[in-house]
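Please open the model in your viewer and keep the selection panel at hand. The stops below go from the ligand to a helix.

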Amino acid sequence: MPQEVLTQAAADMLDWPDAYGKRCGMGVMEMSHRGKEFLSIYTQAEADLRELLAVPANYRILFMQGGGLAENAIVPMNLSALKKDATGRGAADFVVTGSWSEKSFVEAEKFCQTRLAASGKADGFISIPDAASWQLNTDASYLHLCTNETINGVEFHSLPDLKALGSRAELVIDFSSHIASRPVDWSRVGLGFGGAQKNLGPAGLTLVVVREDLLGHALDICPSAFNYQTVAKNESMYNTPPTYAIYMAGLTFQWLKRQGGIAAMEAANATKAELLYRTIDASSLYFNKVHKDCRSRMNVPFFLRDESHNEAFLSGAKEAGLLQLKGHKSVGGMRASIYNAMPLAGVQALCAYLQEFERTHG
Ligand code: PMP
């Protein structure tokens with residue numbers, strides 16, 4: 001979370017001021033989600049996000065709950081029946097480039113026919129299989145990608161053009177861990193989803209951006225609260241939305257606008273990531289395995305060549321104020337997550353620490 005956002009939320013926690021600075025006598029958590037105060041917060045957040053991400057008018061923005069993992073079920077329940085395959089069951093293709101898309105692939109099997117169009121698993125998820133080699137299913141309703149694999153540090157730097165690849169499927173992207181870090185080419189996307197808790201706000205809010213014509217195809221078993229058409233018709237208020245998380249995300253959207261919007265974030269993220277990868281690549285103590293053309297700008301996993309130094313590395317980092325560097329338990333090593341709110345100075349401090357630790361342990 002950007003520091004400015006937390007400071008503002010703290011100042012306004014007990015008594016929220018409207019856009020003119022007039023205090024309303026209650027905090028956001030105490031407001032009815034249907035009252036004019038919260039509706040103004042909601043409307044502004046939606047408009048700011050649409051502007052920031054340049055979401056076209058024929059796409060709906062849904063504020064939901066359940067996180068990225070719930071969407072692994074909600075997406076196939078809503079989209080798999082866009083087309084039916086020969087068995088009468090909807091089908092979906094998956095390109096698996098890391099742990100999160102692998103989870104999506106396994107979950108969708110409960111709701112539709114799934115097919116692995118390509119996988120980077122054989123080489124340990126360090127590259128994106130060339131799109132020309134993807135085995136695309138002509139019956140697929142959609143093709144799923146995770147455009148930034150948070151654990152493996154693999155990111156799509158551009159989205160595939162499915163039509164050019166001969167597929168009629170809609171592109172579904174899990175953008176949980178890099179949304180708002182770079183622009184999205186909506187002309188290639190049918191639906192994008194993600195938990196808010198990386199770049200947009202606190203946990204508890206799930207963002208879905210979906211092209212309008214994809215609404216209304218949900219399976220009968222789809223719970224009403226997870227039916228995108230029902231959620232869209234009710235302006236994300238079919239059930240009580242996560243009001244405080246939406247408010248915090250709204251403050252973050254305003255912060256993003258003050259930073260110069262998504263183009264400015266992209267430039268800043270590129271600078272931060274380049275500095276960190278350059279430091280790792282130049283060292284003989286650390287290494288990153290991911291191919292250069294798909295290295296994540298948000299999540300940078302790296303390893304110490306001599307893993308016996310791992311504990312010393314982490315405790316020294318903590319002393320230097322560099323927290324949460326331990327890698328995900330499934331891959332080990334280290335991971336630096338350098339989301340939008342991480343300033344360049346934070347990455348510079350990490351690089352200085354990496355070099356200092358190498359001098360003493362290299
Ligand atoms: N997809 C990606 C890319 C993620 O990074 C995460 C969480 N780290 C998830 C899905 C799961 O999200 P949640 O925990 O919000 O369900």
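A residue counts as near a molecule when one of its heavy atoms lies within 4 Å of it. With that cut-off in mind, and remembering that this is a predicted model, select the ligand together with its shell, which consists of Gly-67, Gly-68, Leu-69, Trp-100, Cys-146, Asn-148, Thr-150, Asp-174, Ser-176, Ser-177, Gln-197 and Lys-198. If you colour this shell by class, you will find three nonpolar, seven polar and two charged residues.

Next, select helix α3, residues 67-79, which supplies the largest share of the shell around the ligand, namely three residues.

At Thr-150 a polar side-chain atom lies 2.5 Å from a ligand oxygen, while at Gln-197 an N or O atom of the side chain is 2.9 Å from an oxygen atom of the ligand. Switching to a surface view, consider that the ligand on its own has 400 Å² of accessible area, of which the protein covers 84%.

For the last stop, select helix α6, residues 243-258, whose 16 residues reach 23 Å from the first C-alpha to the last, close to the 22 Å expected at 1.5 Å a residue. How many of the 16 residues of α6 are buried? The count is 13, so α6 is mostly covered, buried here meaning under 20% relative accessible area.

How values were computed: Residues numbered from 1 in each chain as written. Predicted model: local features only at pLDDT ≥ 70, side-chain atom pairs only at ≥ 80, totals over all residues. Heavy atoms only, no water. Polar contact = N/O pair within 3.5 Å; in protein donor to acceptor, adjacent residues only side chain to side chain. Areas by Shrake-Rupley, 256 points an atom, 1.4 Å probe, with all protein chains shown as cover. Helix = DSSP H or I, 4+ residues; strand = E, 2+ residues; numbered from the N terminus. Nonpolar A, V, L, I, M, F, W, Y, C, P; charged D, E, K, R; others polar. Expected span 1.5 Å × (residues − 1). Buried < 20%, exposed > 50% of the residue type's maximum accessible area, 1.4 Å probe, protein only.
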